[in-house]
Amino acid sequence: MSIKSNDNGRAFEYACIVKLYERINNIRPVEINEESIVAANRAWRAMSEEEQNVYYRAANAFIDTLFAAEPLILEYDGSDGDVVELSINKDSVAEDGDVRDIVVTRESISWNIGLSMKHNHFAAKHSRLSSTIDFGFKWYNQPCGESYWNVVTPIFMRLRNYKDQNIKWKDIQDKEEMVYRPILMAFIDEVNRAYGVDDTMPTRLISYLLGVRDFYKVVAIDRRQITEFQAFNLRGELNRNGNNTRATIIIPQADLPTEIISIRFKPDSNNTVELYLNNGWSLSFRIHNASTLVEPSLKFDIQFLGVPANIITINCNWC
């Protein structure tokens with residue numbers, strides 16, 4: 001992700017924290033963990049007033065939907081200790097498998113829910129491949145086999161030599177056929193091999209992509225002036241009723257995949273692989289260089305092509 005995209009994402013997180021605070025504060029005690037929002041506030045202050053207004057509109061759009069799905073946010077037991085805390089997770093938390101950006105917490109009842117915030121993009125992950133990154137072990141706890149390393153290591157060593165010569169990606173002839181396609185062919189073979197060894201691999205893969213905690217994905221789409229609100233309730237952590245209030249939007253628990261149906265190149269593409277699983281899951285893995293100069297690694301843009309029908313998606317129009 002570029003620095004600009006990262007800053008936009010942080011600014012959107014800040015706008016959402018501010019608007020959540022305003023709306024909750026009208027009803028019950030709430031506080032912001034100020035230490036957690038320093039980076040987001042810095043990105044926010046770098047935005048123009050026009051950009052800030054756009055982010056506020058995107059943030060306002062989904063809040064009523066969130067409240068309808070999560071009544072515990074607004075329910076109040078009347079005690080001094082019952083305070084809602086709003087915070088932003090550190091990047092290191094994502095490295096440990098929690099993809100949530102904003103967390104809403106009520107410590108008095110040992111409850112929290114999280115939001116994964118995105119601004120004008122839908123990527124699930126931006127994972128890398130290299131001669132030293134064992135994606136199989138990292139993604140689904142199945143180390144890559146020797147045949148995978150025998151294919152990709154010489155290619156990445158060649159890229160390292162290009163890096164030492166300060167060669168630019170645009171100057172490499174036939175990079176799709178000479179670099180992207182053979183690495184992706186090895187990737188396909190390795191995914192199939194791992195699935196043959198461990199039939200729990202599809203479930204582990206989705207858990208890697210979507211994290212160890214359930215969450216709502218909130219995507220601001222400026223050109224359409226909507227905020228997409230999507231519930232990933234894989235473990236039943238979301239949509240809990242309160243003592244006195246019930247959710248008016250029902251979020252069913254989604255089915256995880258248990259089988260790989262197929263994995264193949266996207267038609268007429270040398271840089272994108274499509275993975276189809278059962279229970280309605282499908283993904284694309286587009287490999288690309290993430291810099292001007294050649295580096296001895298490549299980045300995946302991983303996106304969901306399809307999710308189960310019981311993953312609820314609501315488009316919230318901006319006012």
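A polar contact is a pair of N or O atoms within 3.5 Å; within protein, one atom must be able to donate a hydrogen and the other to accept it. The legends below describe close-up views of a predicted model.

View 1. Lys-19 lies in helix α1, which spans residues 3–25. Its side chain makes a polar contact with the side chain of Glu-22, at 3.2 Å. Lys-19 counts as buried because its relative accessibility is 13%, below the 20% limit. Apart from neighbours within four places in sequence, Lys-19 is in contact with Tyr-56, Ala-59, Asn-60 and Ile-63.

View 2. With a relative accessible area of 0%, Phe-12 is buried. When neighbours within four places in sequence are left aside, the residues in contact with Phe-12 are Tyr-55, Ala-58, Ala-59, Met-117, Lys-118, His-119, Val-218 and Ala-220. The C-alpha atom of Phe-12 is separated by 23 Å from that of Ile-27, a residue 15 places away along the chain.

**View 3. The largest nonpolar core, with Trp-139 and Phe-187.** This core comprises 49 residues, and Trp-139 and Phe-187 have the most contacts inside it. At least two residues each are supplied by helices α5 (135–140), α6 (146–164), α7 (175–197) and α8 (201–210), and by strands β8 (260–265), β9 (272–277), β10 (282–288) and β11 (297–306). Helix α7 provides the largest share, with 9 residues. Not counting residues up to four places away in sequence, Phe-187 touches Phe-135, Trp-139, Tyr-148, Ile-263, Val-273, Phe-285 and Phe-300. A second, separate core has 45 residues, among them Ala-11, Ala-15, Ile-73 and Leu-86.

**View 4. Helix α8 and the residue that follows.** Helix α8 is mostly covered, with 7 of its 10 residues buried. These buried residues are Met-201, Pro-202, Leu-205, Ile-206, Tyr-208, Leu-209 and Leu-210. Gly-211 follows α8 and has a positive phi, near 90 degrees.

View 5. Cys-16 takes part in no disulfide, and the nearest cysteine sulfur, that of Cys-316, is 11 Å away; the cut-off for a disulfide is 2.5 Å between sulfur atoms. Cys-16 counts as buried, at 0% relative accessibility. Cys-144 is likewise buried, with a relative accessible area of 9%.

**View 6. The whole chain, as context for the close-up views.** The secondary structure comprises 8 helices and 12 strands. For 319 residues, a compact globule would have a radius of gyration near 20 Å, and the 21 Å of the chain agrees with this. Taken along the principal axes, the C-alpha atoms fill a box of roughly 65 × 45 × 35 Å. Buried residues account for 50% of the 319 residues. Of the contacts between residues at least 6 apart in sequence, 67% join residues at least 24 apart. The chain exposes about 15,200 Å², of which carbon and sulfur atoms supply 45%.

Definitions and conventions
Residues numbered from 1 in each chain as written. Predicted model: local features only at pLDDT ≥ 70, side-chain atom pairs only at ≥ 80, totals over all residues. Heavy atoms only, no water. Helix = DSSP H or I, 4+ residues; strand = E, 2+ residues; numbered from the N terminus. Buried < 20%, exposed > 50% of the residue type's maximum accessible area, 1.4 Å probe, protein only. Contact = heavy atoms within 4.5 Å. Core = buried A, V, L, I, M, F, W, Y, C linked by side-chain atoms within 4.5 Å. Rg over C-alpha atoms; globule rule 2.2 N^0.38 Å. Areas by Shrake-Rupley, 256 points an atom, 1.4 Å probe, with all protein chains shown as cover.
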